[in-house]
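The stops below proceed from the whole chain to individual side chains.

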Amino acid sequence: MLEIHKNYIVDENQNPIAVQIPIAEFEKIEEILEDYFLGKMMADEEDAEILSKSEALKYYQGLKESNVGC
């Protein structure tokens, strides 16, 4: 399991309001989520057109680019 080193950010009453994690761990979480949801999308589209590897990579890159800034 991925170990996450968390630093809690608290307000003036010591109530947790945010969590800070190292960028490398955040990027790993992002990669895990992308892989999971890509697999889920693929399972949901079993009857869809089969793409070549290069077509699939191009399509996936387009999905990532369309979500920039979301």
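Of the 70 residues of the protein, 1% count as buried, where buried means under 20% relative accessible area, exposed over 50%, and partly exposed in between, with a 1.4 Å probe and protein chains only. This is a predicted model, in which local features need pLDDT of at least 70 and side-chain atom pairs count only at pLDDT 80 or more, while totals for chains, interfaces and linings use all residues. Residues are numbered from 1 along each chain as its sequence is written, and side-chain values use heavy atoms, with hydrogens and water left out.

Display the whole chain as a cartoon. Two helices and two strands make up the secondary structure, in the order β-β-α-α from the N terminus; helices (H or I, at least four residues) and strands (E, at least two) are DSSP runs numbered from the N terminus. The radius of gyration is 18 Å, well over the 11 Å that the globule rule gives for 70 residues, so the protein is more spread out than a compact globule. This radius is taken over C-alpha atoms, and the rule is 2.2 Å times the number of residues to the power 0.38. Along the principal axes, the C-alpha atoms fill a box of roughly 55 × 30 × 20 Å.

Next, select residues 7–10 and 16–20. These are strand 1 and strand 2, which run antiparallel and are joined by four bridges; strands pair if DSSP finds at least two bridges between them. Within this pairing, I9 has A18 as its bridge partner in strand 2. The two strands form a hairpin with five residues between them, and Q14 in the turn has a positive phi of about 65 degrees.

Now select residues 23–44, which are helix 1. Which side chains meet here in a salt bridge? They are those of K28 and E31, at 4.0 Å from N to O; the criterion is a side-chain nitrogen of Lys or Arg within 4 Å of a carboxyl oxygen of Asp or Glu. The two residues lie three residues apart, about one turn of the helix. K28 is partly exposed at 36% relative accessible area, and E31 is likewise partly exposed at 40%. A search of the whole structure finds one salt bridge.

Finally, select Y36 and F37. A search of the whole structure finds one aromatic pair. The ring centres of Y36 and F37 are 4.9 Å apart and the planes stand at 85 degrees, so the pair is edge-to-face. Rings of Phe, Tyr and Trp (its six-membered ring) pair if their centres lie within 6.5 Å, with planes under 30 degrees apart counted as stacked, over 60 as edge-to-face and the rest as tilted. F37 is partly exposed, with a relative accessible area of 43%.
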